[in-house]
Amino acid sequence: MDRRQFISTTASLASAAALSSLSRPTLAAPLRGTAEHVISIWLGGGMGAIDTFDPKRRGDATKKQAGSYYEAIDTAVPGVRVCEHLPKLAPLMDRVTAVRTVNHNVIDEHAAATNFMHTGRPVSGTIVYPSVGSVVAHERGSVVDGAPPYVLIGYPNVTRGPGFLGARDGYLYLTDTTQGPAGLSRPAEITASRFQRREAFLAHLQAQQAAPTDARLRDYDEAIEQSLKLSGPEFNRSFQLDEESAELRESYGGEFGQRCLLARRLIQRGVRFIEVSHNLNFLNGAGWDVHNQGILQQHKLIQELDTAMSALIVDLESRQLLDKTLIVVTTEFGRPPEFDSGGGRGHQGSAFTCVLAGGGLKHCGAYGQTDELGKKIVADPVSVADFFATIHAAVGVDYAKNLYDGDRPVPITDMGEPIAALFG
Amino acid sequence: MPPTAAEAHEFLEEASADKRRRLIERLLDDSRWADHWTSYWQDVLAENPTMINASLNTSGPFRWFLYDSLRDNKPLDRMVTELILQRGSPHEGGSAGFGLAGNNDAPMAAKGQIIASAFLGIELQCARCHDSPYHSTKQRDLYALAAMFERKPVVVPATSRVPAAFFEKKMRESLIRVTLKPNEPVEPVWPFSEVTGSEDNDTLTSRMQRADDPREKLAALVTSPENTRFAQVIVNRVWRRLLGAGIVEPPDDWEGRQPSHPAMLDWLAKEFVAHGYDLKHVARLIMTSQVYQREAIGRNRTTTAELRFFVAPDRRRLTAEQIVDSLYAAAGQPMAVEELTFDPDGRRAASNRLTLGVPQRAWMFANLANERDRPSLNLPKARAVTDILEAFGWSGARQNPRTDRETSPNVLQPGVLANSAASVWLTRVVQDSGLAEAALNAESPEQLVDTIFLSYLSRLPSDAERRPLASALGVGFDERVLPLEEMSKPELPVPLPRVTWSNHLRSEANSIALEMEERARRGPPADPRLRVQWREVYEDVVWSVINLREFVWMP
């Protein structure tokens with residue numbers, strides 16, 4: 001199957017799904033997990049499974065000999081091995097499932113693949129699909145009133161947005177863990193006494209205005225009030241990481257780890273879905289997009305992921321939050337076993353790994369099998385739609401239902417079916 | 001953009017009976033007319049440039065074509081003709097940029113959908129893949145428009161087909177139908193003569209430069225004077241933008257809708273055509289009307305056509321662009337953000353690394369995503385401004401045409417005005433800014449409060465509003481200006497090396513990016529001539545005014 005055929009097949013499946021669910025007969029009750037929150041880690045650039053969660057025989061970049069860049073090590077699950085730079089996750093792999101057979105064929109451009117891996121489907125010429133975070137926010141709302149349902153720790157992007165669902169299901173975002181979300185955290189340089197003075201002036205001016213008869217104006221006044229509340233000390237406490245012990249903070253590692261720690265604090269505050277972007281290209285320049293020399297320092301990225309994710313699992317577990325919190329690791333696409341002319345790796349969509357952890361699922365270390373060099377799927381393929389259906393099912397969203405863009409029914413996933421082995 | 005304090009004051013003071021008429025004339029001649037309408041057409045025509053590789057329905061930056069056309073008050077039939085003909089540079093601002101659609105294997109079908117909803121009030125979204133279930137339009141209609149754009153017969157791409165299996169396994173009568181046969185070529189034939197009144201005949205071809213060019217024919221059919229629908233759709237869009245509700249609702253989908261005032265719609269459309277498709281003529285007719293000048297307490301948008309009486313205009317919120325432009329104008333600050341580009345040294349081709357210049361107005365901003373989430377490509381000052389724009393419904397990523405933005409209030413709207421980085425700079429009395437000059441020139445605290453109200457709200461404060469603010473500003477008012485010897489000149493930050501595409505992966509690029517973010521957060525320095533303690537009170541007064549509901553909603 002060439003690329004065009006593949007795209008056309010997936011797109012036809014998409015429209016078939018959109019239409020057929022109109023007349024879908026009542027099937028057995030959908031799978032439903034018990035997770036209440038999702039922490040979704042995004043590895044921007046495209047994480048290569050062969051160098052992380054699906055290691056194969058060693059290759060040699062200088063001799064252009066295809067294969068893993070690193071050694072593999074054993075994990076808590078017999079028969080499941082991971083790369084040597086995941087030593088802290090290895091003993092925890094019984095709480096983790098590396099889904100090794102995710103696949104799609106949109107590998108030419110990061111934007112399109114990022115969109116695919118956030119919306120779960122190819123781009124449409126006529127509709128803007130919501131991201132998985134927005135769908136979960138739409139279906140489940142926040143866990144407690146007054147908390148935002150969806151927070152993004154990373155750069156804002158239409159791909160992460162609510163699409164046709166509208167701003168109500170959008171995210172609050174922040175790019176710096178030392179500050180709260182853009183717009184809802186008070187600027188550091190404005191002292192508390194100045195804020196008091198500002199609010200006093202504002203309250204005085206508001207008191208002079210006639211009470212609005214127009215509902216939209218009342219709604220806006222209400223938004224002003226809520227916004228003052230959210231930007232106040234109570235909600236913004238969630239962002240004060242220095243309330244945590246130094247030891248715990250250190251166990252999470254650098255800025256990416258602090259983002260994961262912040263995600264845990266937001267879970268406790270009642271946020272439903274948090275995307276944590278591992279987008280810090282300080283370590284190797286290219287981030288996970290390890291073409292050419294980008295691969296030389298790739299192990300630092302892997303180690304950073306290892307440290308932060310293992311600390312997150314342990315921390316959540318110690319607070320009895322791991323079963324309630326699904327951790328997801330996704331990325332645009334994978335990378336091939338072969339090396340490019342600069343000794344790095346290109347893009348591969350035919351098989352790549354996304355990871356699930358916690359969330360009350362029945363974990364098995366790894367799911368799905370790829371061939372000797374991780375290029376082809378040998379057993380248990382998982383489409384992007386299936387992977388998304390698994391996330392939805394785990395967090396109690398009916399993955400078979402339709403959302404509506406006006407009159408147009410849009411199924412939550414493109415006919416995805418959850419990985420049944422992880423439930424029950 | 002609001003009038004200056006002086007302009008507002010002069011208008012309020014003036015007693016002559018025709019002061020409104022003269023103001024309307026002056027504003028119609030103002031270049032800001034083009035700024036305001038550019039953002040409208042960017043949405044309606046899905047202008048969607050990206051600074052990086054084309055994807056997700058990206059177009060070229062035909063914003064410059066739109067702005068020039070509006071600035072020159074080009075007759076609208078001519079602007080639409082040039083748009084449909086797709087001329088000039090696709091990547092440097094020509095209307096050819098309208099013809100691009102990244103990741104879209106039927107780009108001309110996408111453009112057909114856009115021009116049908118923008119100029120004819122015909123909704124063809126469903127027709128991409130099948131006949132419309134709730135409209136009379138067929139898949140053939142859309143692809144006939146695509147064929148006219150393409151200048152040759154077209155076939156529906158496989159990605160836009162309903163698989164045969166769907167119809168075979170269906171459990172009940174399907175809502176949708178596909179009347180085109182698979183692989184049937186669709187000819188470039190005008191599908192809308194009945195609904196528009198515009199026909200492909202000798203009269204039409206006699207007006208064309210090349211009678212055998214289907215794309216030119218499409219332009220001629222859309223803009224011909226026989227096309228009464230085109231003129232009506234345009235005047236309805238102008239009417240709606242000025243009064244908050246259309247004579248026909250919604251403006252992009254007329255099928256099965258009744259105009260609330262058919263005779264007026266017809267008259268406005270005929271005036272429009274008779275005056276050479278002059279948008280400003282229509283705007284003038286509406287603005288000088290009684291209904292436009294009444295207090296905005298109408299509720300026309302939410303009622304049915306039978307009950308839409310237009311007793312008064314609907315209340316409107318400022319658009320996202322108006323809010324940002326007003327904040328800059330009232331603070332008297334230049335829009336000092338980064339150049340919108342990831343490749344300032346211009347090594348890569350414009351087709352994949354576009355440079356959109358340094359924005360001077362809010363509509364010039366764009367989608368800032370670098371799609372690789374790389375901090376070294378962040379543009380932190382521009383991002384701070386788009387935070388405000390996005391909270392109020394603007395989006396730089398316009399994948400689909402859009403007539404209406406979301407206007408429902410959310411916490412981020414007051415949030416970004418109260419707390420965001422850009423609101424910190426814009427409520428700061430920055431060196432040499434309008435706010436600084438106003439403070440230095442103020443004769444009394446009362447007069448300064450008046451100036452703030454005129455600049456931000458275009459009205460004078462009531463006595464009750466003025467009193468406590470003026471008394472707070474009165475403390476230390478006479479000593480507010482520092483003597484020269486106490487003044488310390490703010491230190492200019494060291495210029496940073498330029499991060500560009502070819503060096504953005506180096507680790508130095510990241511430290512520069514971090515420093516840029518820190519500088520963006522700090523913003524420009526305050527005016528050293530004013531005593532800090534007094535200046536902060538003044539800034540807090542300004543803050544309270546922009547955080548009033550009245551700043552973003554028409555009173």
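Colleague: Two residues are in contact if their C-beta atoms, placed from the backbone, lie within 7 Å. On that basis, which residues does Pro162(A) touch, not counting residues up to four places away in sequence?

Modeller: Pro162(A) touches Pro130(A), Ser134(A), Ala167(A), Asp169(A) and Gly170(A), with residues up to four places away in sequence left out. Please note that this is a predicted model, in which local features need pLDDT of at least 70 and side-chain atom pairs count only at pLDDT 80 or more, whereas totals for chains, interfaces and linings use all residues. Residues are numbered from 1 along each chain as its sequence is written, and chains are lettered from A and ligands numbered from 1 in the order in which they are written.

Colleague: Understood. Where is Pro162(A) found?

Modeller: Pro162(A) belongs to the loop between β5 and β6 (172-174) of chain A. Helices (H or I, at least four residues) and strands (E, at least two) are DSSP runs, numbered from the N terminus.

Colleague: Is Pro162(A) buried or exposed?

Modeller: Pro162(A) is buried, since 23 other C-beta atoms lie within 10 Å. The cut-offs on that 10 Å count are 20 or more for buried, 12 or fewer for exposed and partly exposed in between, with C-beta atoms placed from the backbone. Pro162(A) also lies 7.4 Å from Tyr129(A), C-alpha to C-alpha, although 33 residues separate the two in sequence.

Colleague: Ser134(A) was in your list. Which residues of α3(A) are buried?

Modeller: Ser134(A) is one of them, together with Val132(A), Gly133(A), Val135(A), Val136(A), Ala137(A) and Glu139(A). Because 7 of the 9 residues of α3(A) (residues 132-140) are buried, this helix is largely enclosed by the rest of the structure.

Colleague: What do the buried residues of α3(A) pack against?

Modeller: They pack against β1 (37-43), α2, β5 (150-153), β7 (273-277) and α10 (384-394) of chain A. After α3(A) comes Gly141(A), which has a positive phi near 65°.

Colleague: Let us take β7(A). How many residues of β7(A) are buried?

Modeller: The count is 5 of the 5 residues, so β7(A) is largely enclosed by the rest of the structure. Phe273(A), Glu275(A) and Ser277(A) point one way, Ile274(A) and Val276(A) point the other way, and all are buried. In a regular strand the side chains alternate between the two faces of the sheet.

Colleague: And which residue of β7(A) is the bridge partner of Ser40(A)?

Modeller: The partner of Ser40(A) is Glu275(A), and Leu152(A) also stands opposite Glu275(A). β1(A) and β7(A) run parallel and are joined by 5 bridges, while β5(A) and β7(A) pair in the parallel sense over 4 bridges. Strands pair if DSSP finds at least two bridges between them.

Colleague: Do β14(A) and β15(A) run parallel or antiparallel?

Modeller: Antiparallel: 4 bridges join β14(A) (residues 402-405) to β15(A) (residues 408-411), and Asn402(A) stands opposite Pro411(A). The two strands form a hairpin with 2 residues between them, and Gly406(A) in the turn has a positive phi of about 65°.

Colleague: A change of topic: how many residues of chain A are in contact with chain B?

Modeller: 68 residues of chain A are in contact with 69 residues of chain B. Among the elements of chain A, α1 (3-20), α2 (110-119), α4 (192-208) and α5 (215-230) each supply at least two residues of the side that touches chain B. That side of chain A divides into 27 nonpolar, 29 polar and 12 charged residues. Ala, Val, Leu, Ile, Met, Phe, Trp, Tyr, Cys and Pro count as nonpolar, Asp, Glu, Lys and Arg as charged, and the others, Gly among them, as polar.

Colleague: Within chain B, at what angle do the axes of α22(B) and α24(B) cross?

Modeller: The axes of α22(B) (residues 463-474) and α24(B) (residues 532-546) cross at roughly 160° and come within 9 Å. Axes are lines fitted to C-alpha atoms, for helices over the stretch in contact, and angles run from 0 to 180 degrees between N-to-C directions. The two helices are therefore roughly antiparallel. Angles under 35 degrees count as roughly parallel, over 145 as roughly antiparallel, 65 to 115 as roughly perpendicular and the rest as oblique.

Colleague: Which residues of α22(B) and α24(B) make the contact?

Modeller: Leu469(B), Ala472(B) and Leu473(B) of α22(B) meet Val537(B), Tyr538(B) and Val541(B) of α24(B). By class, the contact has 6 nonpolar, no polar and no charged residues.
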